[in-house]
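Me: I have a model open and want to go through some of its contacts. Can we start with the helices and then move to the charged pairs?

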Amino acid sequence: MNQNNKLFGLLRNKKIIEILDGDIKYGDYEFEDGSTIKISMPYLSGADLCALSTRFGLPVTYSWNGGALSRWQYLDELFEYCIKYNKCSSLLAHMFSLNQFSKLLKGYDAEEIKNAHKVIVNTIIGEINGILVWGGNELAIVGNNFIVHPIESKIEIVAPAIKTIDREYIISISSRAMRDVEQNDFDSAITKARTLLEETFCYVIEKKNEVPSDSGDMSKLYKQVKTLYNMHNDANTDRRINTLLSGLNSIVSAISEMRNKDSDAHGVGSNRINIDEHHARLFVNAAMTMADFIISVYKKQS
């Protein structure tokens, strides 16, 4: 682990975590029409934090019936995970991105939104640095990267290592998901299946030096993969193969939709449906097959 990545551990200060999860507000920002909003990070509920963790590869269960962790604990555990796997810069870039402030800033024109976002981000980072300064460190944005570094040191950006996703990794995650199935933890199994597909899509997209869609929409990620790897139906390809390729869209759609309705990041509701063990096995096996196919396409082209 490089030194820059280790220093992200300083963000696991409880006060900083409470800033990042939207608990702390710093006065008002006033727009040209006189209306105001509170200067703060977007408020992240327990369910939001579980969804964020899952997005970055750490499936987390949120309990709606008591027993859930404190919100700051969810984010602290996510930072611990991201430090281990060199994802902290990406996590912060996502949390500070303009899209994450859409609810707070909706209803204003584009220029006002950009100005407000800039002020909020600068204020929040300034407050975080007001805590880090006592240890001689600061949080900085360099290009599209976030780093924590000693104040008087030369800033040196180390390109984040892209986790290798290969057949061994796919089999490992699938085996863990199957263990969940055998223990009747179908929610966790489906979460792992979706995470495996999302990570695989992002991996092959990044291997093309492109940025994965920030929408969190699996279908959009898959569409991006198909475009980058020219996986669209081809008139010169056998009809039966084209039919099979078309079926992959259904796999992605079904796993994505089931993740939204039945995963361990959501509670029991009117849209939640019960599934049987054989259905859970089908989801896990489908995700594994899909991920293996995508990696095969990537390897062939590289």
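Helix H7 and onward

Reply: Starting with H7, the buried residues there are Glu112, Ile113, Ala116, His117, Ile120, Val121, Ile124, Ile125, Ile128, Asn129 and Leu132. Keep in mind that this is a predicted model.

Me: How many residues does H7 have, and how far does the helix reach?

Reply: H7 covers residues 110-132, which is 23 residues. From its first C-alpha to its last it reaches 33 Å, close to the 33 Å expected at 1.5 Å a residue.

Me: What caps the N-terminal end of H7?

Reply: Asp109 does. One of its side-chain oxygens lies 3.2 Å from the backbone nitrogen of Glu111.

Me: Next, H8 and H12. At what angle do the axes cross?

Reply: Roughly 175 degrees, with the axes of H8 (residues 167-182) and H12 coming within 10 Å. Angles over 145 degrees count as roughly antiparallel, so H8 and H12 are roughly antiparallel to each other.

Me: Which residues make the contact?

Reply: On the H8 side they are Arg167, Ile170, Ser174, Ala177, Met178, Val181 and Glu182. H12 contributes a list that includes Glu277, Ala280, Arg281, Val284 and Met288.

Me: Glu277 and Arg281 again. What do they form with each other?

Reply: A salt bridge, with the closest N and O atoms 3.0 Å apart. Both residues lie in H12 (residues 277-301), four residues apart, about one turn of the helix.

Me: Where do Arg12 and Asp76 lie?

Reply: Arg12 is in the loop between helix H1 (3-7) and helix H2 (14-20), while Asp76 is in helix H4 (residues 71-84). The pair therefore ties together parts that are 64 residues apart in sequence.

Me: And their exposure, buried or partly exposed?

Reply: One of each. Arg12 is partly exposed, with a relative accessible area of 32%. Asp76 counts as buried, at 13%.

Me: Which residue forms a salt bridge with Arg71?

Reply: Asp21, with the closest N and O atoms 3.5 Å apart. Arg71 lies in H4 and Asp21 in the loop between H2 and strand S1 (28-30), so this pair ties together parts that are 50 residues apart in sequence.

Me: Buried or exposed, for Arg71 and Asp21?

Reply: Arg71 is buried, and Asp21 is buried as well.

Me: Changing topic to Lys226. Where is its place?

Reply: Lys226 is in helix H10 (residues 218-228). The relative accessible area of Lys226 is 15%; the cut-off for buried is under 20%, so Lys226 is buried.

Me: What does the side chain of Lys226 make a polar contact with?

Reply: The side chain of Asn249, at 3.0 Å. Not counting residues up to four places away in sequence, Lys226 touches Met231, His232 and Asn249.

Me: Which residues are buried in H10?

Reply: Met218, Leu221, Tyr222, Gln224, Val225 and Lys226.

Me: Last one. Which residue just after H10 takes a positive phi?

Reply: Asn230, with a phi of about 50 degrees.

Definitions and conventions:
Residues numbered from 1 in each chain as written. Predicted model: local features only at pLDDT ≥ 70, side-chain atom pairs only at ≥ 80, totals over all residues. Heavy atoms only, no water. Helix = DSSP H or I, 4+ residues; strand = E, 2+ residues; numbered from the N terminus. Buried < 20%, exposed > 50% of the residue type's maximum accessible area, 1.4 Å probe, protein only. Salt bridge = Lys/Arg side-chain N within 4 Å of Asp/Glu carboxyl O. Polar contact = N/O pair within 3.5 Å; in protein donor to acceptor, adjacent residues only side chain to side chain. Contact = heavy atoms within 4.5 Å. Expected span 1.5 Å × (residues − 1). Axes fitted to C-alpha atoms, helices over the stretch in contact; angles between N-to-C directions. Parallel < 35°, antiparallel > 145°, perpendicular 65-115°, else oblique.
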